[in-house]
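Q: I've got a model open on my screen and I'd like to learn how to read it. Can we go through it together, starting with the surface?

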Amino acid sequence: CERCDGAEASEFFGATKCMAEIKKQEREILQLFYNDCGGDRWKHNDNWMNDKIDICNWYGIECSNGGTVESIALGSNNVVGIPPREIFQLDNLKYFWLYSNPVKFSFEGIVQARRLQSLLLDSTGLESLKGIGQAYNLVDLDLRFNKLKGPITDEISNLVNLESLTLSDNELTGELPSFVRMHSLKSLRLSSNDLTGALPTFASNDHLKYIDLSDNRISGTIAPSFLDSLEIYENIYIDLSRNRIEGKVPRELARFEDVTIFLKDNYVFGIERDACENDEWNDGDVGEFGCDAILCAPGTFAPGKGRQAVGGSECQECRDAKYFGQSQCIDLQEFYSSAVTKGIGMATILVMTSVTMLLL
């Protein structure tokens, strides 16, 4: 039994760690973080670096019942520089939120953050995912609106405890990685990239009920086994808009009772009738308009949505609309093939859609 300053005030026997030593180490780590990341210029730095105030009372810091750092929440606070890897040595750190700050973040050393569950680094300018696969206990990872380029690293598949993954609005390319080991995944947001390859079935992801893959170049068909292991009573959100998906909307999706589905501006050429008979789909629009509430038929289009909705646009006549669910009166295949880049193409779509909506 070794002496521990302050432990004499404790009413409990059997301490295995000296809280005074832990608090001292955590203070030193936070001081290093403050100095390396321009703390004197933060928007809010109340109580930071004050030796007379417990670190649990510093701005953005929350502690667990034992008095150790559990949360660092400094979003939109003008945090700059490179957060030191020592930050991952905070033994009980669960939530690390630095979103909307111009930091240069590195995942080096993240393996030491054994309890880290939530990492929010959206809108930080992040350029690399190297090392992310060692954050084994992450549950929530948000890296949208950054500068990530190239294929999504296979390291992502190591995050088997992940429930929410958001990588939208980057410059990611290539095919989707495998998600078969990520059995806890509930939400997948990868929109507004330049991802290609076939649409996965996600048949092994039995909790995945929110999927947003819109604004990419994903191809293939919606397989009958799509989301095959998901419970039929789940409230499901699917957005596959503005991709290169072909074929029909399969009747097998009709097994789900409540679905919000967006499929506009793909190469869809049919809807199997069973999918049009669930009145609760698309917030009840299917009960009102049938198949048109999923996708407008060829020869018609609906500005903005590509489908008919209560209080929204209607399916209007258009000879150039060859596919189900077009949101503009154009030859969609010709438009996609003539676009110089995906970025130019999508920007043009957005501008044209905005103009169309203004004219209505």
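A: Accessible areas come from the Shrake-Rupley method with a 1.4 Å probe, and for residues only the protein chains shown count as cover. Here the protein chain exposes about 17500 Å², with carbon and sulfur atoms supplying 47% of that area. Keep in mind that this is a predicted model, where local features need pLDDT of at least 70, side-chain atom pairs count only at pLDDT 80 or more, and totals for chains, interfaces and linings use all residues. Residues are numbered from 1 along each chain as its sequence is written, and side-chain values use heavy atoms, leaving out hydrogens and water.

Q: What percentage of the residues in the protein chain is buried?
A: Buried means under 20% relative accessible area (1.4 Å probe, protein chains only). Of the 360 residues in the protein chain, 48% are buried.

Q: How many helices and strands are there in the protein chain?
A: Both are DSSP runs numbered from the N terminus: helices are H or I with at least four residues, strands are E with at least two. This chain has 4 helices and 17 strands.

Q: In what order do the 3 strands of the open sheet come?
A: Strands of a sheet pair through backbone hydrogen bonds, either parallel or antiparallel. Two strands count as paired if DSSP finds at least two bridges between them. In this open sheet the order is β6-β8-β10, with parallel pairing. β6 (149–150) and β10 (194–196) each have a single partner strand, so one side of each lacks a neighbour in the sheet.

Q: How many bridges join β8 and β10?
A: Strand β8 (residues 171–175) pairs with β10 over 3 bridges, in the parallel sense. Look for Thr 173, which sits opposite Asp 194 in β10.

Methods:
Buried means under 20% relative accessible area, exposed over 50%, partly exposed in between (1.4 Å probe, protein chains only).
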